[in-house]
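I opened the model to look up a few residues and how they sit in the fold. My entries follow in the order in which I checked things.

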Amino acid sequence: MKSWGIGILGVLAIAAFTGCGASGSVSGMVTAEGETVNGGSIVFRPMAEGVKPAIGKIDGEGGYSLVTAGNDGVKPGEYQVMYMPPRQKEDEAGRPIGPPIKWRKFRGPSETVSVESGENDIQISLEKS
């Protein structure tokens, strides 16, 4: 019985060190028609059931880094990429203020992206809607 318990501990230790259930970090750049996109958010929607989506705000240079609820990393697998443009500023009556958002008529790529355990540098090229 004692050797059985040691065997179970060994299997659990190997699983922990080999990355069973490991997650990854995802970052990259967002472009559209060859230009850097400098606002909005990127969402990675998992294709598999029971996997958390990940979201990242696009900075002024077009870079993004994804986070998940609980900050437990992005699980390996296939994801659909969605783009959410920044909100248009409005006055009290709901009328747009200032110029329209440049990238509002774009969406994420139609192909899915693959996330692996460890660091992932994924470049996103938005498509016109």
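Entry 1, M84. I began with M84, which is partly exposed because its relative accessible area is 37%; buried means under 20% relative accessible area, exposed over 50%, and partly exposed in between (1.4 Å probe, protein chains only). This is a predicted model, in which local features need pLDDT of at least 70, side-chain atom pairs count only at pLDDT 80 or more, and totals for chains, interfaces and linings use all residues. Residues are numbered from 1 along each chain as its sequence is written, and side-chain values use heavy atoms, with hydrogens and water left out.

I placed M84 in strand β6, residues 77-84. Strands (E, at least two residues) and helices (H or I, at least four) are DSSP runs, numbered from the N terminus. Which residues does M84 contact, leaving aside neighbours within four places in sequence? I found G40, S41, V43 and I55; contact means heavy atoms within 4.5 Å. I also noted W103, 19 residues from M84 in sequence and 9.2 Å away in space, C-alpha to C-alpha.

Accessible areas come from the Shrake-Rupley method with a 1.4 Å probe, and for residues only the protein chains shown count as cover.

S41 counts as buried because its relative accessible area is 16%. Beyond four places in sequence, S41 is in contact with I55, G56, K57, I58, M82, Y83 and M84.

Which residues touch the most other members of the largest nonpolar core? Of its 21 residues, they are I42, F44, I124 and L126. Elements giving two or more residues to this core are β1 (24-32), β3 (41-46), β6, β8 (113-115) and β10 (124-128). A nonpolar core is a set of buried Ala, Val, Leu, Ile, Met, Phe, Trp, Tyr and Cys residues joined through side-chain atoms within 4.5 Å. I listed the contacts of L126 beyond four places in sequence: V30, T31, A32, V37, I42, Y83, F106, R107 and G108.

I looked at N120 in strand β9, residues 118-121. At 10% relative accessible area, N120 is buried. Where do polar atoms of its side chain find partners? One lies 2.7 Å from the backbone oxygen of E116, and a polar atom of the N120 side chain lies 3.1 Å from the backbone oxygen of G118. Not counting residues up to four places away, N120 touches G24, S25, V26, S27, S114 and V115.

I found P99 in the loop between β6 and β7 (106-107). P99 counts as exposed because its relative accessibility is 65%. P99 and K89 are 10 residues apart in sequence and 9.3 Å apart in space, C-alpha to C-alpha.

Of the 129 residues, 28% count as buried. The chain exposes about 8,500 Å², with carbon and sulfur atoms supplying 57% of it.

Terms used. Polar contact = N/O pair within 3.5 Å; in protein donor to acceptor, adjacent residues only side chain to side chain.
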